[in-house]
Amino acid sequence: MSTQAPPAPATPSTHGPSLGRAALTIGALGVVFGDIGTSPIYTVQTIFNPEDPHPVPSTPDNVLGVISLMIWSVTLIVTLEYVTFVLRADNDGEGGILSLITLIRRRAVPGSRRTKAGLAALGIFGASLFFGDSMITPAISVLSAVEGLEVVNPSLADLTVPITAVIIVLLFLAQKFGTERVGGLFGPVMIVWFTVIGVAGIGGIVQNPEVLKALSPTYAIGFLTGHFHIAFFSMAAVVLAITGAEALYADLGHFGRPAIARAWLILVFPACLLSYLGQGALVIQDPVANLSSPFFLLVPEWARLPLVVLATAATVIASQAVITGAFSVAHQAIQLGYLPRLRIHHTSAHAIGQIYVPWINWVLMFSVLTLVVTFQSSHKLAYAFGMAVTGTITITTVLFFYLARHRWQKPAWLVYGFGSVFLLLDLLFLSANMTKLVHGAWLPVLIGISVFTVMTTWQRGRALVTARREQEEGSLREFVDALHTRRPAVVRVPGTAVFLNRGKETTPLAMRANVEHNHVLHQHAVILSIETRPVPYVPPAEQVVLDELGYADDGITHVTAYFGYMDEPDVPTALSRICGAVPEMPASLQDASYFLSTIDLEVGEDTGMPRWRKRLFVATSGITADAADYFRLPRERTVVIGSRIEV
């Protein structure tokens with residue numbers, strides 16, 4: 001018998017009407033575009049760096065070819081592929097490469113199980129590379145801005161690393177305040193940033209209008225076909241112009257596609273193009289004097305220090321884009337079973353995607369600081385950065401066009417036509433970055449392989465543990481039937497016990513252990529399952545559903561507690577609402593004892609996984625959030641009963 005119908009699932013909204021279109025667009029500017037919007041600081045400088053293992057001569061023809069290649073790479077990959085196409089592939093409002101995996105794995109999508117499994121593995125590796133991107137972006141972005149001090153005063157060079165480290169620590173400390181607040185603070189700063197770099201770019205163009213020729217794609221094509229031996233290697237740095245494209249998609253759940261598209265087309269895209277053109281004009285005019293830092297040299301000497309300060313603020317915001325993206329990817333990985341349950345704070349009542357994950361935050365901070373201290377300059381990190389970006393973008397392209405063809409049934413000519421163009425460009429970038437493996441590109445590959453190994457190991461280990469746990473739990477029906485014939489007899493003691501469980505088909509391990517070892521069971525036993533709905537709040541009247549399961553004579557009841565994603569999952573408070581209101585529910589529930597079933601994992605001799613992966617799985621389980629704290633259970637009335645399972 002059910003005393004209350006469960007709340008109807010609601011389609012999550014990526015934003016509420018109270019925020020308004022303008023507020024969402026400004027918020028998106030402050031969170032989503034920092035990464036790609038600060039690429040002009042270091043991209044041109046890196047391409048023509050004479051210390052590069054494959055330097056690009058700064059001749060006028062080469063400069064026009066490189067700038068044209070940058071402009072059309074941004075146009076094709078960011079504007080056309082991501083903003084126009086990929087952002088449409090949302091999973092209930094959420095974006096990111098793991099959303100593509102979820103969509104592909106649904107039954108409605110044609111394809112063999114082996115094909116889907118292969119694409120899922122590819123997507124997991126892409127998500128793993130994105131975590132590498134999330135570590136490298138803050139390091140290279142903030143370093144590149146603070147290095148502007150060397151242009152203002154070369155004697156300040158020794159302060160670059162310490163200042164960068166302090167800024168990064170402050171950035172990660174600010175994450176707990178939430179994306180909405182951070183975006184509202186950063187949005188106006190980014191409006192100023194894009195306005196300034198656009199105006200500075202116009203100043204450079206006015207000095208040498210010849211650079212406007214680079215707007216024609218013929219210069220990019222001519223550079224690739226006529227000087228391929230130079231153009232190919234330059235693409236390892238040209239890719240820096242599109243860094244942040246994947247962050248646009250990963251942050252989709254924070255602001256939604258319309259706000260992201262508006263901000264990109266109206267302000268970000270034009271400002272970046274003007275800056276690249278202005279820097280190109282400066283290099284053509286005097287390649288010797290202006291190669292060291294064309295971005296900062298675009299402005300008059302009196303404006304360089306203020307520009308360094310503004311650039312530093314902008315690169316902090318650039319870091320914000322990938323940090324929030326990492327939170328989103330981690331959250332989706334948890335939902336898909338590739339990471340253990342971590343404590344997640346929802347920071348907005350308007351957007352389900354706005355979250356803060358403390359454990360991920362501190363791991364990223366430690367990793368970023370390590371990179372800053374180890375590499376100590378932005379140009380040394382440039383090739384590591386490019387590898388992470390190109391790998392993730394290439395995988396996203398493959399998954400998206402598979403989805404377009406097999407789920408949305410788009411015409412083959414359309415899918416293969418656009419897909420071939422994008423994939424060819426992606427593979428060119430990826431191949432160029434592969435030549436930089438010994439110069440730093442190995443770093444994101446190593447990070448990607450490490451994270452991929454952890455995620456797939458957890459997924460496999462979790463499946464093994466779930467199968468063994470179900471065997472140990474056994475059927476709840478058979479367990480209840482055996483209560484009447486068990487010897488020695490089970491003593492029913494006064495009071496109420498609440499057993500947290502995943503469903504109502506199997507017996508909670510804590511309940512089974514209490515009966516088998518203590519030979520007692522409370523007079524009233526409540527089996528509690530918890531579900532999170534994709535809505536901010538579930539009304540109190542709809543928060544609990546009672547089902548006797550046909551065991552009323554045995555005093556066993558099943559309750560499902562529903563919480564919204566903004567609700568605190570306070571189990572005692574939710575259960576207290578039905579005490580006395582429902583005849584079948586004992587009034588003593590407010591003084592109930594709570595029983596948790598915990599699993600003590602141990603490396604065994606089973607052949608399900610290699611021994612080293614078993615050890616990794618057991619170690620990873622140590623970061624799982626504490627269930628008693630998570631569900632607000634009273635410590636003095638909570639009993640934890642463990643069971644040992646070998647993997």
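**Helix pair α4 and α20**

I began with the contacts between α4 and α20. From α4, the residues involved are Ser 73, Leu 76, Ile 77, Leu 80, Glu 81 and Phe 85. They meet Phe 418, Phe 422, Leu 425, Asp 426 and Phe 429 of α20. I kept in mind that this is a predicted model.

Next I looked up the geometry. Helix α20 spans residues 412-434, and its axis lies 11 Å from that of α4. The packing angle is about 130°. The two helices are therefore oblique to each other. I noted the crossing of α4 past α20 as left-handed.

**Aromatic pairs**

How many aromatic pairs does the count come to? I got 17. One of them joins Phe 400 and Trp 408. Their ring centres are 5.8 Å apart and the planes stand at 65°, so I logged the pair as edge-to-face; the cut-off for that class is over 60 degrees. I then checked burial for both partners. Phe 400 is buried, because its relative accessibility is 4% and the limit is under 20%. Trp 408 counts as partly exposed, at 31%.

A second pair is Trp 458 with Phe 617. This one is tilted, with 35° between the planes and 4.8 Å from centre to centre. Trp 458 sits in helix α21 (residues 442-473) and Phe 617 in helix α25 (residues 611-620). The pair thus ties together parts that are 159 residues apart in sequence. Trp 458 is buried at 9% relative accessibility. Phe 617 is buried too, with a relative accessible area of 2%.

I also found a ring cluster. Its members are Phe 85, Phe 400, Phe 401, Trp 408, Phe 418 and Phe 422, linked by ring pairs. Phe 85 of α4 and Phe 418 and Phe 422 of α20 had already turned up in my contact list for those helices.

**Helix α25**

Which residues of α25 are buried? They are Arg 613, Lys 614, Phe 617 and Thr 620.

**Helix α10**

I ran the same check on α10 (residues 217-226). Ala 220, Phe 223 and Leu 224 are buried there. Their arc around the axis is only 95°, which puts them on the same side of α10. On the face turned away from that buried side I found exposed Thr 218, Ile 221 and Thr 225. What do the buried residues of α10 pack against? They pack against α4 (60-85) and α11 (228-238).

Ser 319 came next. It lies in helix α17 (residues 301-335). Is Ser 319 buried or exposed? Ser 319 is buried, because its relative accessible area is 0%. Leaving out residues up to four places away in sequence, Ser 319 touches Thr 137, Pro 138, Val 142 and Leu 171.

Val 640 is in strand β8 (residues 638-646). With a relative accessible area of 49%, Val 640 is partly exposed; the exposed class needs over 50%. Not counting residues up to four places away, Val 640 touches Leu 596 and Thr 598. I also looked up its separation from Val 491, which is 149 residues away along the chain. The two C-alpha atoms are separated by 20 Å.

Arg 106 was my last stop. Where is Arg 106 placed? It is in the loop between α5 (97-105) and α6 (113-146). I logged Arg 106 as partly exposed, with a relative accessible area of 31%. Beyond its neighbours within four places in sequence, Arg 106 is in contact with Asn 91, Asp 92, Lys 116 and Arg 407. Its C-alpha atom and that of Glu 478 are separated by 34 Å. Along the chain, Arg 106 and Glu 478 are 372 residues apart.

Technical notes. Residues are numbered from 1 along each chain as its sequence is written. This is a predicted model: local features need pLDDT of at least 70, side-chain atom pairs count only at pLDDT 80 or more; totals for chains, interfaces and linings use all residues. Side-chain values use heavy atoms; hydrogens and water are left out. Rings of Phe, Tyr and Trp (its six-membered ring) pair if their centres lie within 6.5 Å; planes under 30 degrees apart count as stacked, over 60 as edge-to-face and the rest as tilted. Buried means under 20% relative accessible area, exposed over 50%, partly exposed in between (1.4 Å probe, protein chains only). Helices (H or I, at least four residues) and strands (E, at least two) are DSSP runs, numbered from the N terminus. The arc is that of the directions from the helix axis to the C-beta atoms. Contact means heavy atoms within 4.5 Å. Axes are lines fitted to C-alpha atoms, for helices over the stretch in contact, and angles run from 0 to 180 degrees between N-to-C directions. Angles under 35 degrees count as roughly parallel, over 145 as roughly antiparallel, 65 to 115 as roughly perpendicular and the rest as oblique. A crossing is left-handed if the near helix is turned anticlockwise from the far one by less than a right angle, and right-handed if clockwise.
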